[in-house]
Amino acid sequence: MKLFFISDIHGSVYYLNSALDKFKEENADYIIILGDILYHGARNPLPKEYNPKGVIKIINNYTDRIIAVRGNCDSEVDQMVLDFPIMADYSTIFYNNKRLFLTHGHIYNENNLPKLMAGDVFIYGHSHIPKAETMGSIYIINPGSITFPKENSPHSYGVLEDNIFRIKDFEGSVYKEINIK
């Protein structure tokens, strides 16, 4: 199974379409959205092609392939227009005998990790900074932001296949990589 990870869309039709082009190109099975889907957030500028209603129309076409968690910019009103659940602060899925703990990062993060077992994988968004490393015996991964990358990182997404998590830019180049053995 191949999983495709994005975070921090922030209402940009342009960057959502760019990410979905990569999803199709990667031929992934599921899209994992790590929060902040529709609203740009009060601290952010308006993103390129800011159009939350357009994002709704596009993303609802992928409802059967989305696993999503709530970001700090997501609300109950957003849930009313999206055809997939977004209100959970976290989700866990199992992948090749590994527990993947999925969250946005505003509640659970590197400074406030949930109770995890050795070898578990903590995957979050929120910081807009790509990361792929270990903290003790826990894997810590952030695919970065498709819309508002920070710290000179590229617009990026993540792909997990055969226990290798790759963070890629929109040209398809690998930016970071980690083996979650």
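Two strands pair if DSSP finds at least two bridges between them. I kept that rule at hand while going through this predicted model.

**Entry 1: the hairpin**

I started with strand 10 and strand 11 (residues 174-179). They pair in the antiparallel sense over five bridges. I looked up isoleucine 167 and found that its bridge partner in strand 11 is lysine 176. Strand 10 and strand 11 form a hairpin, with four residues between them. In the turn, glycine 172 has a positive phi of about 90 degrees.

**Entry 2: the parallel strands**

Strand 1 (residues 3-6) pairs with strand 2 (residues 30-33) in the parallel sense, over four bridges. Which residue stands opposite leucine 3? I found tyrosine 30, in strand 2. Strand 2 also pairs with strand 3 (residues 66-68), in the parallel sense and over three bridges. Here isoleucine 31 stands opposite isoleucine 66 of strand 3.

Then I checked the crossovers. Strand 1, helix 1 (residues 13-26) and strand 2 make a β-α-β unit, and the unit is right-handed. A right-handed β-α-β unit is also made by strand 2, helix 2 (residues 52-59) and strand 3.

**Entry 3: helix 2 and helix 3**

I listed the buried residues of helix 2: Gly54, Val55, Ile56, Ile58 and Ile59. What do they pack against? The buried residues of helix 2 pack against helix 1, strand 2, strand 3 and helix 3.

Helix 3 (residues 76-81) holds valine 77. Val77, Met80 and Val81 make a nonpolar surface patch of about 320 Å².

**Entry 4: salt bridges**

Side chains of opposite charge can pair when their charged atoms come close. I used a cut-off of 4 Å between a side-chain nitrogen of Lys or Arg and a carboxyl oxygen of Asp or Glu. By this rule I get nine salt bridges.

I looked at one inside helix 1. Lysine 22 forms a salt bridge with glutamate 25, and their closest N and O atoms are 3.1 Å apart. Both residues lie in helix 1, three residues apart, about one turn of the helix. Lysine 22 counts as buried because its relative accessibility is 9%. Glutamate 25 has a relative accessible area of 58%, so it is exposed.

Then I took lysine 131. It forms a salt bridge with glutamate 110, with 2.9 Å between the closest N and O atoms. Lysine 131 lies in strand 7 (residues 131-135), while glutamate 110 lies in the loop between strand 5 and strand 6 (121-123), so the pair ties together parts that are 21 residues apart in sequence. Glutamate 110 is partly exposed, at a relative accessible area of 21%. Lysine 131 also meets glutamate 133 in a salt bridge, at 3.8 Å from N to O. Glutamate 133 has 34% relative accessibility and therefore counts as partly exposed.

I also noted a network of salt bridges. It links Lys2, Glu26, Glu161 and Lys168.

Most residues other than glycine have a negative phi. I went looking for exceptions.

Asparagine 27 is not a glycine, yet it has a positive phi of about 55 degrees. It lies in the loop between helix 1 and strand 2. Asparagine 27 counts as exposed because its relative accessibility is 60%.

Asparagine 97 also has a positive phi, near 65 degrees. I found it in the loop between strand 4 (90-95) and strand 5 (98-103). Asparagine 97 is exposed, with a relative accessible area of 83%. I looked up its spacing to glycine 119: 22 residues apart in sequence, and 9.8 Å from C-alpha to C-alpha.

Last, I checked asparagine 163, in the loop between strand 9 (156-161) and strand 10 (164-169). Why does asparagine 163 count as buried? Its relative accessible area is 19%, and buried means under 20%. I left aside its neighbours within four places in sequence and listed the contacts of asparagine 163. They are Tyr95, Asn96, Ile178, Asn179, Ile180 and Lys181.

Note on methods
Residues numbered from 1 in each chain as written. Predicted model: local features only at pLDDT ≥ 70, side-chain atom pairs only at ≥ 80, totals over all residues. Heavy atoms only, no water. Helix = DSSP H or I, 4+ residues; strand = E, 2+ residues; numbered from the N terminus. Right-handed = clockwise from strand over helix to strand, strands pointing away. Patch = residues over 30% accessible without salt bridge, like charges linked within 9 Å, V, L, I, M, F, W, Y side chains within 5 Å. Areas by Shrake-Rupley, 256 points an atom, 1.4 Å probe, with all protein chains shown as cover. Buried < 20%, exposed > 50% of the residue type's maximum accessible area, 1.4 Å probe, protein only. Contact = heavy atoms within 4.5 Å.
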